[in-house]
Amino acid sequence: MNAVEIRDLTVKAGSATLVSDVTLSIESGTWCTIVGPNGAGKTTLVETVAGLRRIAKGSIAISGHSLSSLHERERARLVSLVPQHPEVPSGMTVRDYVSLGRVAYHGLLRAPSAGDRRIVETVLERLSLLEFCDRDVVTLSGGERQRMVLGRALAQSTMVIVLDEPITGLDLRHQMEILELLKTEVQECGLTVVATLHDLTLAGQFADRLVLLDKGNVVLDGPAREVVRSPELSERYGMNLRVVDVDGSDVVVPVRH
Amino acid sequence: MVANPPTRRRVAIVATLTVVGLVVAMVCGMVVGPTSIGTWRVIGDVFSHVGIGRSTLSGLQSTIIWQLRAPRMVLGLLAGAMLSVAGGTYQGVFRNPLADPYLLGVAAGAGLGATFAIVGAGTGVATPTWTPLLAFLGAMVAVSCTWLIGGRGMRSNASTLILAGVAVSAMLTSMQTFLQQQSSSNSIARVYIWLLGSLASANWHSVTMVLPYVALCTLICVASGRALDVMSVGEDESRSLGIRVRQVRFVVIAASSLGTAAIVSAVGLIGFVGIIVPHIVRLLVGTSYRRILPISVAFGAMFLVFADTIARTVMAPSELPLGVVTAVIGAPVFVLILSLRRPIVR
């Protein structure tokens, strides 16, 4: 069974169509990255997969469950979200922040169970957050903060994780660190990743599959290496892109006219 | 540098001291007054009512304690607790440090209702007995209008609701001003006294009238602490975590508004309690609403009973309006809070 099944999806904002007739099937335990120029509809698409946007037409199923028929708590046990600009509330500890990921399990009127706390501790340890788990979240650096937000999503124990530009604002080392952590989750835990990325080089290196979106439509869909090397990419971005092989990895370089 | 969130030990100490302060405030509320009755005799009388020892109070002293001071003190507890927890809840649900229980038009609606009752009664000396009922109805109509106008109920967002509250409040306040302008100077004076808030007319009837509302609404507000903590990450992220944000918002706004309307109908408009108490508690125990809301209940109750004790003793035998005392104490504290650079609401 596919982890994410999108059929003829159309999403609108008022009279404007943001995503139009998109059909995608994403296998379990794979990494699918959505790329495309600004305004292509990438964020709209992943937010709809996360259940945050109203579907105008078509359907989305997560692990076989239709998204529109799920209650919020049921949905939060199937798909988690790392937003592009997460809100970090001052005064909350890192542990409490990561624990928010367990709310879908213990509810709003009960305290986290021993099992919930154990899962949070495991996530904190796996993401190397234990050393500052009692610190105020606003004291963290950008990289630590993004690890913490990822920790909250992993604490939701979902099979599908949706990430909207998860490395925005991070330096190169922290960009790689976050993506490597995700790759480990995909390889070791069978997590399914649906992400948007602007960096085509990193998108090509980490994803199993790339989907090129433009003006709300799927233009290209295939193995990462094929999509990165397609001439369609330059056309859709409206610029000259070259792909250079560096030690077996594709590096996408914009060339000035 | 930002300090780490308060430890559990610190929270326990603050909670304990607040409860001790609350007990002291209750004793002050029963003991302090123009008629001097010894503290231990009053305490002994209280214990005699639960079968421990025997009372040494005269009939008149017992009447002063149980028919004047006790209902006043209990109504003060209820008002302080409700306004504080409602203020804290509003600040959490709207993620706005300036939110208070009157944000969605409760004050303006209750003020219009009370003014209508007082002006409609003509030139009598006493405030009409139906004033609380009309104030309550005015408050509920105002909040309902805000809810319906501010984005058609369940589809609204927090900002739209606040703006709708501002509009409804402005409209109702202008209607109230018009009514006052058309009335006699005697009525204007009585409306003014009501607007400043007072516990002077407290009796067991008013306590039993508001108690069910305050008990239920306080319980709902306190129980919403975990939801408000989750909602501090914003609406979209809360939804992705499994929260039905709009339903939660509806329940906590309804509970806060209903409880506030009940209290305002009984004691008038007491300002500052609902805004400063949650802020003071937040400074002491951190930003988690699971801590802020229950401690605000006790802290607010303590604060208002102390304020009322000051209001009725500083210029005895006449009384200061309670709203004046809470503002005189509250304004400097509020200025102090505003001068702190660190964000105080998440």
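Which residue stands opposite Ile6(A) in E4(A)? Ile60(A) stands there. This is a predicted model, in which local features need pLDDT of at least 70, side-chain atom pairs count only at pLDDT 80 or more, and totals for chains, interfaces and linings use all residues. Residues are numbered from 1 along each chain as its sequence is written, while chains are lettered from A and ligands numbered from 1 in the order in which they are written.

Start with the sheet of chain A. Strands here are DSSP runs of E with at least two residues, helices are runs of H or I with at least four, and both are numbered from the N terminus. Two strands pair if DSSP finds at least two bridges between them. Chain A has an open sheet of 4 strands, ordered E2-E1-E4-E5, with antiparallel pairing. Strand E2 (16-26) and strand E5 (65-66) of chain A stand at the edges with a single partner strand each, so one side of each has no neighbour in the sheet.

Now take the pairs in turn. Strand E1 (residues 4-13) of chain A joins E2(A) through 7 bridges, in the antiparallel sense. In this part of the sheet, Leu9(A) stands opposite Val22(A) of E2(A). E1(A) and E4(A) also run antiparallel, joined by 5 bridges. E4(A) and E5(A) pair over 2 bridges, again antiparallel. Ala61(A) stands opposite Ser66(A) in E5(A). The hairpin of E4(A) and E5(A) has 2 residues between the strands, and Ser63(A) takes a positive phi near 50 degrees there.

A helix lies over this sheet. Helix H1 (residues 42-49) of chain A lies across E1, E2 and strand E4 (57-62) of chain A, at about 60 degrees to E2(A). Axes are lines fitted to C-alpha atoms, for helices over the stretch in contact, and angles run from 0 to 180 degrees between N-to-C directions. Residues are in contact if their C-beta atoms, placed from the backbone, lie within 7 Å.

Turn to chain B. Helix H3 (residues 59-94) of chain B packs with helix H8 (residues 204-223) of chain B at about 30 degrees, with the axes 10 Å apart. That makes H3(B) roughly parallel to H8(B) (angles under 35 degrees count as roughly parallel, over 145 as roughly antiparallel, 65 to 115 as roughly perpendicular and the rest as oblique). Residues making the contact include Leu78(B) of H3(B) and Val214(B) of H8(B).

Finally, the chains meet. Chain B gives 22 residues to the contact and chain A gives 26. On the side of chain B, H10(B) gives the most, with 4 residues.

Methods
Two residues are in contact if their C-beta atoms, placed from the backbone, lie within 7 Å.
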